[in-house]
Amino acid sequence: MDVQAAKYIGAGLAMLGMIGAGIGLFIVPRTWKLLSQAVHILMEGVPTEIDLPELEKTLLRIPGVVAAHDLHVWTITSGTDSFTGHVVVSDMKYAAAVLKGVKAILEEKFKIDHVTIQVENEEIRMAEPTLRV
């Protein structure tokens, strides 16, 4: 191989290296974002678009609700969020209406449609540490 051919091969390899580096620089930020989202989902983190304190305040505005606790929101899979929580009602006769109201607000305002709610009165709430519910 002559010197001229070696220069062309060297320049070609250098160009391939620069193209590879450019592709890497293009891919790494997108990969990092995807990896961050995947870890957040796997760690069952609160979705970024959900403001948990605001969600609690919204639940407390439902007629009949006197308290809300053990509220958990997490992403099951991309675009599908889940909610579990306890709401304390002033009277159990409001339980069905409160349950419907909570589900409606979570679906309409927070776009959460996978919901598990425990409705309880003050007596159950106070006994919770010993009942382990």
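The structure is a predicted model, in which local features need pLDDT of at least 70, side-chain atom pairs count only at pLDDT 80 or more, and totals for chains, interfaces and linings use all residues. Residues are numbered from 1 along each chain as its sequence is written, and side-chain values use heavy atoms, with hydrogens and water left out.

Asp81 belongs to strand β2, which covers residues 80–89. Strands (E, at least two residues) and helices (H or I, at least four) are DSSP runs, numbered from the N terminus. Eight of the ten residues of β2 are buried, so the strand is largely enclosed by the rest of the structure. Here buried means under 20% relative accessible area, exposed means over 50%, and partly exposed lies in between, with a 1.4 Å probe and protein chains only.

Strand β2 has a partner in β1 (residues 65–77), and the two pair in the antiparallel sense over nine bridges. Two strands pair if DSSP finds at least two bridges between them. Thr77 has Thr80 of β2 as its bridge partner. Two residues lie between the strands of this hairpin, where Gly79 takes a positive phi near 90°. Strand β2 is also joined to β3 (residues 114–120), in a parallel arrangement with seven bridges; Gly85, for example, has Ile117 of β3 as its bridge partner.

Asp81 does have a polar contact of 3.0 Å with the side chain of Thr75, formed by its own side chain. Such a contact is a pair of N or O atoms within 3.5 Å; within protein, one must be able to donate a hydrogen and the other to accept it, and residues adjacent in sequence count only if both atoms are side-chain atoms. Thr75 lies in strand β1 and counts as buried because its relative accessibility is 10%.

Lys111, by contrast, is found in the loop between α3 and β3. With 61% relative accessibility, Lys111 counts as exposed. Its phi is near 60°, a positive value in a residue other than glycine.
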